[in-house]
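These are my notebook entries on one chain that I had not examined before. I set down what I looked up, entry by entry.

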Amino acid sequence: MTQAEIKLCSLLLQEHFGEIVEKIGTYLIRTGTQPLRIIVSDTGLLLDQVKKALCVLIQHNLVTYQLQKRGFVEYEAQCKRVLRILRYPRYIYTAKTLYNDTGELIVEELLLNGKMTMSAVVRKVADRLTETMEDGKTMDYADVSNTFVRLADTHFVQRCPQVPETPETPEAPPPPAPTLVINEKDMYVGKGKRRRSCDEEEDGERKAKRQKQDGESSEPPPDDGIYWQVNIDRFHQHFRDQGIVSAVANRMDQTSSEIVRTMLRMSEVTTSSSAPHTQPLSSNEIFRSLPAGYNIGKPVLDQYLTLLADDPLEFVGKSGDSGGGMYTVNLHKALASLATATLESIVEERFGSRCARIFRLLLRKKHLEQKQVEDFAMIPAKEAKDMLYKMLSENFVSLQ
């Protein structure tokens, strides 16, 4: 990690959590994995202060812990996760555009608090929305709850790992640190420990409101112990999909981009964010899933899919002929093309179009001698030499 990144992490931690948390976080970023007693002795802070700071950092997923074989616990800072704080406003704005003000406030509360139970988020968001409404109007808890479930269904929020429920035995002492587990099937189930019927849910809503009016709650909420967090990878997947869709719109037309958007939307929950391409989708499935306002016939859709599959950039690939043709979005190829286009535009902006021509040539051919560069790019020897040196001096090309 560079010094500039460490400095930035330090400033972010100080701004969001204060001096003590910043001191512990920056120490762990600089030194790597450390046990509690070493952190206390090296930072010169009180044991209680270090424990509380570590609790805050773990709550916000900025530090992880691991139980070592010798029985002590070591803590490790997650530098990339600290830098993600810079993107919090973008995550919140995305939630607003997709799920209105309610979605925006749900994501904001979860980012501000790190981890929360669903009932606590729903209560806090409903109260905040009620404050902004006209006199006498209140925000219904059920509406907020429904938006939360929709965010969970589309994987923008997910359950946190939990301590497994094991029967307590008096003779076995508890481990120094709990081992957290999560069941893949339950990660995005937006209800309590069991699915409740509609009547039970309504009773729960009424009970929650009554408790709120009484100002006290006699029993824990049904989701007590089930905590939720924002799924940052899912937001990054959404940004990636948006980039691919706008690139297709710029290269071809709006209808092509809408077809690709539909394919990505159909695959968003079934395809992992690191997969090289989406699940194969048949032409018939894509046709059925197109937005209602798009009045294009099946033959026209097939023509568009053929055009997209034949395009040299290969954003869309054909993987079979069943169901009218099976198509995938080549995520890695699309991202590589977008990254290449960005690099080329930077070189063109900084050094001019003829330098960009040489740069594109080197990207395509990988290695070229100076004489070959001059011949292929059709640029006089002296100019080509100057341009290569200019790009070499700023580390855009390397010499071998």
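**Entry 1: basis.** I note that this is a predicted model, in which local features need pLDDT of at least 70, side-chain atom pairs count only at pLDDT 80 or more, and totals for chains, interfaces and linings use all residues. Residues are numbered from 1 along each chain as its sequence is written, and side-chain values use heavy atoms, with hydrogens and water left out.

**Entry 2: the chain.** I looked up the secondary structure and found 17 helices and nine strands. Helices (H or I, at least four residues) and strands (E, at least two) are DSSP runs, numbered from the N terminus. Of the 400 residues, 40% count as buried; buried means under 20% relative accessible area, exposed over 50%, and partly exposed in between, with a 1.4 Å probe and protein chains only. I then turned to contacts, meaning heavy atoms within 4.5 Å. Among the contacts in the chain with a separation of 6 or more, 59% come from residues 24 or more positions apart.

**Entry 3: helix α1.** I recorded that α1 spans residues 3-17, has 15 residues and reaches 21 Å from its first C-alpha to its last, close to the 21 Å expected at 1.5 Å a residue. The expected span is 1.5 Å times one less than the number of residues. Which residues of α1 are buried? I listed I6, C9, S10, L12 and L13. They cover an arc of only 165° around the axis, which puts them on the same side of α1; the arc is that of the directions from the helix axis to the C-beta atoms. The cover over these buried residues includes α2 (19-31), α4 (47-59) and α5 (79-83). On the face of α1 turned away from its buried side I found the exposed residues Q3, A4, K7 and E15. Just after α1, G18 takes a positive phi of about 95°.

**Entry 4: helices α6 and α10.** I looked up how α6 (residues 88-113) meets α10 (residues 232-251): their axes come within 10 Å and cross at roughly 95°. Axes are lines fitted to C-alpha atoms, for helices over the stretch in contact, and angles run from 0 to 180 degrees between N-to-C directions. The two helices α6 and α10 are therefore roughly perpendicular to each other, a term for angles of 65 to 115 degrees. From α6, the contact is made by Y88, R90, Y91, T94, A95, L98 and V107, and from α10 by I232, F235, H236, H238 and F239. By class, I noted eight nonpolar, three polar and one charged residues in the contact of α6 with α10. Here Ala, Val, Leu, Ile, Met, Phe, Trp, Tyr, Cys and Pro count as nonpolar, Asp, Glu, Lys and Arg as charged, and the others, Gly among them, as polar.

**Entry 5: Q237.** I also looked up Q237, which is found in helix α10. Is Q237 buried or exposed? Q237 is buried, with a relative accessible area of 7%. Leaving aside neighbours within four places in sequence, Q237 is in contact with E268, T271 and S273. From Q237 to S274 I read 37 residues in sequence and 8.9 Å in space, C-alpha to C-alpha.

Entry 6: I recorded 13 residues for α15 and a reach of 18 Å from its first C-alpha to its last, close to the 18 Å expected at 1.5 Å a residue. The buried residues of α15 are C355, A356, I358, F359, L361 and L362, and they pack against α14 (331-351), α16 and α17. K366 lies in the loop between α15 (353-365) and α16 (370-377). Its phi is positive, about 70°, although K366 is not a glycine. At 60% relative accessibility, K366 counts as exposed.

**Entry 7: N330.** I located N330 in the loop between β9 (326-329) and α14. At 13% relative accessibility, N330 counts as buried. Setting aside neighbours within four places in sequence, I found N330 in contact with P276, H277, E314, F315, V316 and G317.

Entry 8: Not counting residues up to four places away in sequence, L392 touches V397, S398 and L399. N395 lies in the segment after α17 (381-393). N395 has a positive phi of about 65° although it is not a glycine, and N395 is exposed, with a relative accessible area of 70%.

Definitions and conventions: Parallel < 35°, antiparallel > 145°, perpendicular 65-115°, else oblique.
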